[in-house]
Amino acid sequence: RQMAAGRACEKSCHLSAALLGEDSEISQEQLYELLKYAALGRCHNAAQPSWCRIYHQSHLAGVVVVVLHEMSQLHFYRFYLQFKHLRKVFRHRFTLAPSANFPVSLYGEGTNLKPQNTPQGLTSTSSECTTKSSDLQCDPIIQRYGGKKQGLTSYTLTLEEQKKNDYPIEGSPGCKGYISTECDQQRTDSSPLFGLDCEMCLTAKGNEVTRVSLVDAQGRCLLNELVKPESTVFNYRTRSLAQTFLLSFTFRAAALPHSAVPQVVMIFLLQMIHPSVIDTSLLFARSEGRRFKLKFLAKAVLGKEIQCEKKLGHDPTEDARAALELAQFFIEQGPTKVAELNLEMLLTAEKLAEVSQNKAVLQPQGCVFQEQLNEPPPLSKPCFLDCLLVTGQKPLLLGKQGLDSSGLCQSNLSTSNKQILQRALEDVPLSKFSIIQFSLGPEYLASHLHAGLHEKVRSKLTDMLTIYAGPFEENFCMKSVKKEFGRCGPIQSLTVVTETFQPYVCIQYEVLEAAQLAVESLNGAEVAGSCIKVQRPVTAAMLDCNVLIKELELDVENEGVIYVAGLKKSLTETDLQEEFSQLKDLETLFLPKDLQSGKHRNCCFLKFQKTQSAVDALEAINGWTMKGSELRSRNALAPGHLWKWIWQMNHSNGKQGKHIFYEKMEQLSDSEQDLRKKVKKLDQHIKKLYRSLQNNTLCVVLFPGVNSTHGSQPGLGLMGIKDDEGRSTC
């Protein structure tokens, strides 16, 4: 159920995520996947996340992650009204699976970042090996191309460069009989780009082509042919020698006109002169005429492993595709971004790792060097923050609670959230990747208080899902009542209240929308022969129920989403797609299922691309008959991740001693008023930080969740890319 692709804009970033429904629980690995791609783009084996998509990642101004220490989804919905900024700004939310070691899950293992103590005692981490702007001016890439982005024609080899690097030149000695690929069309920055790679062999004439591969701009293979050399072959080259010869004799990426492609086979069978060449071994310039190997560039820049030892034989198509993507990366990112990759440092690190590995392999069994006793064991998962350091970016970590398990930060319990905010306002604009951690304080994070908070939220949600209806006649038809109220949505339980003079029924629904729809549509209606009143329980916790319902309805995540009830259970998702296809701008259909049986419910959610289209659909659907069943509809109140959470809370055992429960509740009540004030202040801190961010900044707010011996609570993530109006975009 993919949501429509975000509006693609040349200079703005967009975020798309299929998070409407019970599939909206995201693992720590998936979160890591998102942050790694947002920070690194296509470098260091980073790839688009599997569960959402960032459009135009290269235009991201930065990434800011706000971590609310030891807070869970429970806190967000318990203090929903206090988190006014969070619920009005962030369009994308997801349940976050709790982790026993959240810092490692977030940053990855194996980080080499070292914390620095600031004068205020704040925990702040930055790069000691950051590539400064003054250092970039000395980079061979900047010296050759300057710092600004340019089109592909700026990177083609000049005639002098071709001569210097022994390219065949028209009219030069030894090029008699060569065919030129020059065409009448003028070469432009929009000319098609092709990747070309050749394998060479040693013949009586010297080096001759034995195999040619050509791929188009999308990486599709156009040509992969063996070529018979004119002279006797002396050596077909070993694999390692073939790689070496590729460095000198392969045209890494070439701009050929489409009209030339049909003739390319004939040209390759002879000798050719191609004046429009981008040679990637020269494009990624080094000092003193040295060149990076294609295999290294593919891994360091694209995050791809090529020319692997496990593969049989050499694959020139793979090399041609890698060469093409390297040229495309350089053109798209520009010289400055490429220089910031700090390829020389990466190469040095790779060589040191190889030496260390060879040293371990050659070491006799039973012999342990003393220096190795002090070295930590290798970690399986690299940290993408390390990659940021190597690429010259400056990660920033600020917080007042210890992240000791990862070694990233030091504990400083005396620092306030206000001080952390002030430091963040100063330092975040200077960093491409920032992690800011706030906390309510240790006195509010004790496990017994958390358990009491859970019970309060569960109790309030249960009351909001419950309605009382009546009075009915003494011998009323229960079947008629269940049928009428069932048209509002799935019923969890239905019982008769006998303590009253006349019978009433207590109905608990599975979704908030169903209970609200019953109150709105059946209060004052005639059901089972009686004119009834429909209301929610009257308790202290329910006094602000109408306010909470209104705020949920206005929640930014529910914009353009409506709830439809009264569906026949025999209808499939395909049936519903067909029935609702006439509705304008329908984007997504979500059909809730029972999480135990897997059977779908008699309701669904429809998401529209435009809010007005949702309003129009509401008017059209109410009273609409589908397969003999009358539909009822209203605005959505609870997103998919909350629906799943409500279901889990309703089906939890909640087995705990009553005396323990009352003790917890009493302790919670004493401090809850102060806690509300702190949460509201925390929301204001995040609001100030968010307003200070540049446009096109990805902001992710994380309630990590709790996973300890005392119990487990899922976390919550909110994310969006800031736009010109200060809101997060889809």
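Predicted model: local features only at pLDDT ≥ 70, side-chain atom pairs only at ≥ 80, totals over all residues.
1. Glu 208 is buried and yet takes part in no salt bridge, the nearest side chain of opposite charge being that of Lys 205, 5.6 Å away.

2. What, then, surrounds Glu 208, setting aside residues up to four places away in sequence? Glu 208 sits in strand β10, which runs over residues 206-215, and with that exclusion it touches Glu 199, Met 200, Cys 201, Thr 203, Pro 229, Glu 230 and Ser 231. With Ser 231 there is also a polar contact of 3.3 Å between the side chains.

3. Elsewhere the structure holds 19 salt bridges, and one of them joins the side chains of Glu 557 and Arg 93, with an N to O distance of 3.5 Å. Since Glu 557 belongs to the loop between α21 (545-554) and β24 (561-565) while Arg 93 belongs to strand β5 (residues 92-96), this pair ties together parts that lie 464 residues apart in sequence. Both Glu 557 and Arg 93 are buried.

4. A salt bridge between the side chains of Arg 220 and Asp 216 has an N to O distance of 2.9 Å. Are its two partners buried or exposed? Arg 220 counts as exposed, because its relative accessibility is 51%, whereas Asp 216 is buried, with a relative accessible area of 10%.

5. Arg 286 and Glu 344 form a further salt bridge, in which the closest N and O atoms are 2.8 Å apart. This pair links distant parts of the chain, given that Arg 286 is in the loop between α10 (280-283) and α11 (294-302) and Glu 344 is in helix α14 (residues 343-362), 58 residues apart. As for accessibility, Arg 286 has a value of 14% and therefore counts as buried, while Glu 344, at 31% relative accessibility, counts as partly exposed.

How values were computed
Residues numbered from 1 in each chain as written. Heavy atoms only, no water. Salt bridge = Lys/Arg side-chain N within 4 Å of Asp/Glu carboxyl O. Helix = DSSP H or I, 4+ residues; strand = E, 2+ residues; numbered from the N terminus. Buried < 20%, exposed > 50% of the residue type's maximum accessible area, 1.4 Å probe, protein only. Lys, Arg positive; Asp, Glu negative; His and termini not counted. Polar contact = N/O pair within 3.5 Å; in protein donor to acceptor, adjacent residues only side chain to side chain. Contact = heavy atoms within 4.5 Å.
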